[in-house]
Amino acid sequence: MNSPIIQSESEQAKAIQARLREANQTHLLAHWHQLDDQQRELLLEDINRINLAGLSGLIKSHVMADRPFTLPRDIRPVVCYPARPGIDQVGLYADAVKRGVSLIRRNKVAALTVAGGQGTRLGFDGPKGAFPISPVKSKPLFQLFAEFIRGTNRRYGADLHWYIMTSPQNHADTVAFFEANHFFGLRPQRVRFFRQGIMPAFSMDGKILLDQKHRIAFSPDGHGGSLLALRRSGMLAEMAEAGIEHLSYFQVDNPLVKAIDPLFIGLHDMTGSEMSSKTIPKVDDLERVGNFVIGDGKAMVIEYSDLPDELAHARDANGNRLFDAGSIAIHLLSRRFVERLTADEAHFGLPWHRAVKKVPYVDERGRRIEPEKPNAVKLESFIFDAIPLAGKPLILQTIREEEFSPVKNVTGVDSAESSRRDLNRRAARWLESAGHAVPWREGEPDGLFEISPLLALDADHLREQMSTPPRITPGGAHYWE
């Protein structure tokens, strides 16, 4: 095939062409002569973002071959730390809270939010983190997390860092949203944004797809890519310089999350865990969450679609669900563990997962094709695949109603509707726990209730903060800050 780049082109272009030829991807330059100088520059930038050296093996193993998930030979239930300590664990949990508080006060912990998604499925034009969710004030997700961090700082005399992973699509909008809202009261120097990594989409025969004649069809590289992105962006080095030891990881769609949890942090640190995770009991055998298990002697997550039905429905001698530890994407990671995993980017420890999707593309004649059926392979890495690689992984059970109600859909299960309901219910329970009467009607709080994290981080904290009974009107909207 003749070179699509003529001899007078830049040395950079010639070098890239040589790399493309070696990777069998020279078709990316098929429309070179139709591009203006700016378009050529953009195309070369896109190509330079791809690790072409390691591409051939990846295409062979994950794009052109459908590698099914290989189940461990031996799958057993995982042993978790309980949400509430047993009589022999009360002292351990008290010590863990003290350790966690000490680490928070010394700013040894940072929040890490994966926020690359758009609000498209919610009918919202903008980053998902800007979606309004709280029941009374309609605060966006980002504001709830910011207030939780501010409330933590206030309670413990800390000044914590917050790292937010955006995507190329929503980075500018996310930064602008924080700037327009004055970082929700946080110090701007403490809020750090970095972009998620990307991977090209591939045709079924292993060719990188073009989205336009001068742009490659990229897609996010998965939440596991957040670890590589921390290193590439320089954030990992910045954390080391700041003395940050642990990262509190959560996803942007869960407004109930305890962004910084002293008990969780303390247990993680005291046990020497490199990666710790929270779990909840499943609502039914086939709930669409990952399953924590011990596979061939190692803690890991098996996705709901990969767990055999006989295990999903299995019961112990007392009739309880045997595999009942659902994954909710809340983790703690040691900074040194992340440094080790990402030290050699070419041999990044997390496996790639293959997904066949519909991806619009430009064909060899320059026509943009909108496929009617799946035509391309996307590759992603998942954060939970780091668990088997971690030393002393720890799993802590928590309470669904307190910490997990994701916003994925407009209505129905895991929706904005259900999440607002759960925020409302939680605020009402906290008030009752603090000794205050709350009206209920047909099993739901009679009215809207919202407690800002600036006032209280949990029910016990509210009890300390609100000794005087608040004025509550049945059917009214109530907010406390």
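His353 stands opposite Glu380 in strand β18, in a model that is predicted. Residues are numbered from 1 along each chain as its sequence is written, and side-chain values use heavy atoms, with hydrogens and water left out. In this predicted model, local features need pLDDT of at least 70 and side-chain atom pairs count only at pLDDT 80 or more, while totals for chains, interfaces and linings use all residues. Helices (H or I, at least four residues) and strands (E, at least two) are DSSP runs, numbered from the N terminus.

**The three-stranded sheet**

- β6, β18 and β15 form an open sheet of three strands in the order β6-β18-β15, with antiparallel pairing; two strands pair if DSSP finds at least two bridges between them.
- The edges are β6 (202-203) and β15 (353-357), each of which pairs on one side only.
- Strand β18 (residues 376-380) and β15 are joined in the antiparallel sense over five bridges.
- Between β6 and β18 the antiparallel pairing runs over two bridges.
- Ala376 in β18 is the bridge partner of Ser203, and Ala376 is also the bridge partner of Lys357.

**Helix α3**

- Helix α3 covers residues 55-63, and Leu55, Leu58, Ile59, His62 and Val63 in this helix are buried. Buried means under 20% relative accessible area, exposed means over 50%, and partly exposed is in between (1.4 Å probe, protein chains only).
- Seen down the axis of α3, the buried residues fall within an arc of 100°, so they line one face of the helix. The arc is that of the directions from the helix axis to the C-beta atoms.
- These buried residues of α3 pack against β5 (198-200), β6, β15 and β18, where contact means heavy atoms within 4.5 Å.

**Helix α4 and the residue after it**

- Helix α4 (residues 90-105) has 16 residues and spans 23 Å from its first C-alpha to its last, close to the 22 Å expected at 1.5 Å a residue. The expected span is 1.5 Å times one less than the number of residues in the helix.
- Tyr93, Ala96, Gly100, Val101, Leu103 and Ile104 are buried in α4.
- Down the axis of α4, these buried residues fall within an arc of 160°, so they line one face of the helix.
- An α-helix has 3.6 residues a turn, so residues three or four places apart point the same way.
- The cover over the buried residues of α4 includes β2 (109-114), α5 (141-156), β10 (246-251), α9 (262-270) and β19 (394-397).
- Asn107 follows α4 and is found in the loop between α4 and β2.
- The phi of Asn107 is near 60°, a positive value in a residue other than glycine.
- Most residues other than glycine have a negative phi.

**Aromatic pairs and the aromatic cluster**

- A search of the whole structure finds 13 aromatic pairs. Rings of Phe, Tyr and Trp (its six-membered ring) pair if their centres lie within 6.5 Å; planes under 30 degrees apart count as stacked, over 60 as edge-to-face and the rest as tilted.
- One of the pairs is Phe142 with Phe177, which is tilted, at 6.3 Å centre to centre and 45° between the planes.
- This pair links distant parts of the chain, since Phe142 is in helix α5 and Phe177 is in helix α6 (residues 171-180), 35 residues apart.
- Phe142 counts as buried at 1% relative accessibility, whereas Phe177 counts as partly exposed at 21%.
- The ring centres of Phe183 and Phe193 are 6.4 Å apart and their planes stand at 50°, so this pair is tilted.
- Phe183 lies in the loop between α6 and β4 (191-195) and Phe193 in strand β4, so the pair ties together parts that are ten residues apart in sequence.
- Both Phe183 and Phe193 are buried.
- Phe142, Trp162, Phe177, Phe178, Phe183, Phe184 and Phe193 form one aromatic cluster.

**His182**

- His182 is found in the loop between α6 and β4.
- The phi of His182 is positive, about 55°, although His182 is not a glycine.
- At 65% relative accessibility, His182 counts as exposed.

**Charges over rings**

- Arg49 lies over the face of Phe218, at 5.5 Å from the ring centre. A charge sits over a ring if NZ of Lys or CZ of Arg is within 6 Å of the ring centre and within 35 degrees of the ring normal.
- Lys137 has its charged end over the ring of Tyr479, 4.9 Å from the centre of that ring.
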